[in-house]
Amino acid sequence: MNMEKFETSLKQEKKSTFLTKGEVLQFSPQEMVDYLNSLDTKGGLEAYLESALEDDEIKANLSYWEKWMKKDQRALLDKIIEQKKEIYPPKSESLPLNLDDKFTEEELKLILSNLEAIQLTFGCSRGCPFCGFDAIKGVREHIPYSQLANLFQKYGGEISKKKPFLYWASEPSDYLSKEGLEDKTYEDVHQLAIRYSFYDPGITTSNVTDKKWMDFMNTRQSDDLETDRRFSVFGMSDERLGELKNRITTSRLEVHNEQKKVNYRTSMFGQQFKHVKGMGKTFEEEEGVEDIPKAGIACVDGILLTPRGLYNMFVVPITKEFPQGVIIIPLEKVTDEPINPGDNLREVMRRSIIEGRYSHEGAIKRGEEFQKYTGEFPKEVSVYTADKKFSLSVDTNGNVLEAKVVKENDKDISEINEANKLTG
Ligand code: SF4
């Protein structure tokens, strides 16, 4: 056998010993890291990543848990992703992640009607050691501005339904998209939301040093004042807090619309608190169960879009299996496969859409160190398949206890039952 053939057959042999996509997507973050470590020891990690990263969902999953990997494994993952991007550069006329190649227009309408957050940049300049969302230090990637413009221009109406915030495990002010001679910043993306989806996205930022950014935070761009602007000041010293207070707009702005009076102000968020250890990656550093916070900081069920993937999210208590307190699974397709009792959400979330909604089930009382989980189980959740809407009742591990169809092809089940009665 010549050398080339030998290398090809070695590669094939290695490939056939890799776990399947279905198996890998069922892993908890720790199990995934154990699997990568075992491949690393056997010398098969690079070959695995080369082939696995061709797959959108594996790429999304590995990226989401990148902080859990060893430093050299993270560097390898980033390098391979970068190389693949050079071979298939993002097209300015496409939607982010080329979603338009993967989903039909109808599917995209359903997906984007449940979009709760857009992560504009992958990685975060801050790199807080206890980040509850496991953001890795340093921005690696961003969603090109032209693709975001396409998204808002075409699906602004759908996006307006859940008014997604424009960050997740990221610092909004990190966004910079260089296209041609123009630099686009977070503020430009914010304008897309105002212009095409008619809402002024809520912002939480840790950037309290950049004057231009502070000016933007202190100024409203639209009449929609229902969303908050927050400076995250977790762990900030009293001296710095005092200094910051003088630099933000603290006066209340009252706005009257037809139904209600809305109070808006830029606020400081997290005073007297520190970032809590034990959410996400730092979960494993805690020795006893009692040391672990019960709820994460994820506050929505629904869809998340990042530079590296499209995900379904569902808030649950923090466990070894779900260390951020959220089940997060890459959305692969939208099928008409029914959902039944006994199914597990992790599998269902690969093929259907979790309805977007606010779902913050955590609370932290002043004077107490740890966050509590305030939600109850079984938890109700609505899920869309290609042709039906299901109402599910699930336990803390995402096992489906009950499943009933509440809508079929745009008709309420009550309407269908009524029609059946009349014809029956
Ligand atoms: S806590 Fe916020 S600012 Fe800090 S690393 Fe995480 S996403 Fe970035």
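**View 1. Helix 8 meets helix 9 in this predicted model.** Leu 108, Lys 109 and Leu 112 of helix 8 are in contact with Tyr 155, Glu 158 and Ile 159 of helix 9 (contact: C-beta atoms, placed from the backbone, within 7 Å). These residues divide into four nonpolar, no polar and two charged (Ala, Val, Leu, Ile, Met, Phe, Trp, Tyr, Cys and Pro are nonpolar; Asp, Glu, Lys and Arg are charged; the others, Gly among them, are polar). Helices (H or I, at least four residues) and strands (E, at least two) are DSSP runs, numbered from the N terminus. Residues are numbered from 1 along each chain as its sequence is written. As the model is predicted, local features need pLDDT of at least 70 and side-chain atom pairs count only at pLDDT 80 or more, while totals for chains, interfaces and linings use all residues.

**View 2. Here is a strand residue, His 142.** You will find His 142 in strand 3, residues 141-142. His 142 counts as buried because 21 C-beta neighbours lie inside 10 Å (buried: 20 or more other C-beta atoms within 10 Å; exposed: 12 or fewer; partly exposed: in between; C-beta atoms are placed from the backbone). Among the residues that His 142 touches are Tyr 175, Leu 176 and Pro 307. Thr 121 is 21 residues away along the chain, yet its C-alpha atom is 4.2 Å from that of His 142.

**View 3. Now look at the residues around the ligand.** The surrounding residues include Cys 124, Arg 126, Phe 133, Glu 171 and Ser 206 (near: C-beta atom, placed from the backbone, within 6 Å). By class, this shell has six nonpolar, three polar and two charged residues.

Notes. Two residues are in contact if their C-beta atoms, placed from the backbone, lie within 7 Å. Lists of a residue's contacts leave out its neighbours within four places in sequence.
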